Amino acid sequence: MTTVRAIETMAGDDPITMLTAYDAPTAALVDAAGVDLILVGDSMGNAALGYDSTLPVTVEEVRSRTAAVARATSDAVVVADMPFLSVGVDEAQSIDHCGRMLKEADADAVKLECGPHTVELTKRLVELGVPVMAHLGLTPQQVKQTGYLRQGTSKAEAQEILDLARAHEEAGAFSVVLEHVPANLAAQVTEELAIPTVGIGAGPDCDGQVLVVNDVVGLGDSVPPFAKQFGDVQSAMMEAIGSYVEAVESGTFPAEEHSHVEPDLDELY
Ligand code: KIV
Ligand code: NA
């Protein structure tokens, strides 16, 4: 079984792999593939719940999906992604929301979209026994302020990201996700930190990579330019579903082998 402690010491080792999952069957596949960390991302808003951003996702949705993923996972570290406004409003409430992911959903850690306001919270959570993965760069819960643009493109912004990465390491985070930042910034953050960086749209020099599983398997309609589609599950599903519809409509399903005839039931009146 992979642990948070093991991940924390993987900086500079073999690349770390992380993928999202939002349900038990997908988590079982991701886990069986040997992925180190499974993120129950608030990307479920787009990928699984039909929203067009992550903003509407609730603590209860992440809790319930995390529990399903944890039940189906035996090796990977399960990380629950804290949704919009579930942390940062009030310390006690933030800790309660994060703690529920461990107490009620069997997560191994939480991920926070970070800023200056999450440094103290990270310290407090780690003190209390809740491992924290920090998320810097593009933080999609800030979409109303930043859009989905690449972050850290000016020297001042890049410096702020590096400083926040250091502050969250100091506060006890066990790793840092870097999203949609220049590769040369991600390389410097990776070089600076003792804890591992996990990149998405952050170039090849992070200690690991993370993608949304729907993008990887080809389920859904648009893959961001920095992601890569490795399969075409959507076509496979459409083919299977189309075949089912055709079989029912043409009367070839259910066939004899899918049916059971009980002797003695033929003469009801
Ligand atoms: O919600 C998510 O899937 C994420 C990853 C893209 C890092 O936050
Ligand atoms: Na997220």
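Glu 113 touches His 135, Thr 139 and Gln 141 once residues up to four places away in sequence are set aside; contact here takes C-beta atoms, placed from the backbone, that lie within 7 Å. Glu 113 sits in strand S4, and it counts as buried because it has 24 C-beta neighbours inside 10 Å. For burial, the cut-offs are 20 or more other C-beta atoms within 10 Å for buried, 12 or fewer for exposed, and partly exposed in between, again with C-beta atoms placed from the backbone. Helices (H or I, at least four residues) and strands (E, at least two) are DSSP runs, numbered from the N terminus.

A word on what you're looking at. This is a predicted model, in which local features need pLDDT of at least 70 and side-chain atom pairs count only at pLDDT 80 or more, while totals for chains, interfaces and linings use all residues. Residues are numbered from 1 along each chain as its sequence is written, and chains are lettered from A and ligands numbered from 1 in the order in which they are written.

**Overall picture**

The protein has 11 helices and 8 strands, and its C-alpha trace spans about 80 × 35 × 35 Å along the principal axes. Of the 269 residues, 43% are buried. Among contacts with a separation of 6 or more, 59% join residues 24 or more positions apart.

Confidence, given as pLDDT (the predictor's own score for each residue, from 0 to 100), averages 97 for the protein, and 100% of the residues score at least 70. Helix H1 (residues 4-8) has the lowest mean, 95, and S3 the highest, 99. For the complex, the predictor gives an ipTM of 0.99 and a pTM of 0.97.

**The annotated sites**

An unreviewed UniProt entry puts a "binding site" on Asp 42, Asp 81 and Glu 113. These residues span 72 residues in sequence, yet no two of their C-alpha atoms are more than 10.5 Å apart, so they gather at one spot. UniProt (unreviewed entry) also places a "binding site" at Asp 42, Ser 43, Asp 81 and Lys 111. That set is spread over 70 residues of sequence but clusters in space, with a largest C-alpha distance of 12.4 Å. Such positions are given in the numbering used here, feature names are shortened, and annotations may be inferred rather than shown by experiment.

Here is how some of these residues are packed:

| Residue | C-beta neighbours within 10 Å | Class |
|---|---|---|
| Asp 81 | 27 | buried |

Asp 42 lies in the loop between strand S2 (37-40) and helix H3 (44-47). Leaving out residues up to four places away in sequence, Asp 42 touches Thr 54, Val 57, Val 62, Asp 81 and Pro 83. Asp 81 belongs to strand S3 (residues 77-81), and its contacts beyond four places in sequence include Asp 42 and Lys 111. Lys 111 is in strand S4 (residues 109-113); beyond four places in sequence, its contacts include Asp 81, His 135 and Val 177.

The largest nonpolar core has 71 residues, of which Ile 38, Val 40, Val 79, Ala 107, Val 110 and Val 132 touch the most other members. Such a core is a set of buried Ala, Val, Leu, Ile, Met, Phe, Trp, Tyr and Cys residues joined through C-beta atoms within 7 Å. Val 40, beyond four places in sequence, has contacts including Val 62, Val 79 and Asp 81.

As for the backbone, the peptide bond from Phe 253 to Pro 254 is cis, with omega near 0 degrees, and Pro 254 falls in the segment after helix H11 (233-250). Leu 85, in the loop between S3 and helix H5 (91-103), has a positive phi near 65 degrees. Asp 264 also has a positive phi, about 80 degrees, although it is not a glycine; Asp 264 is exposed, with 6 other C-beta atoms within 10 Å.

Key
Contact = placed C-beta atoms within 7 Å.
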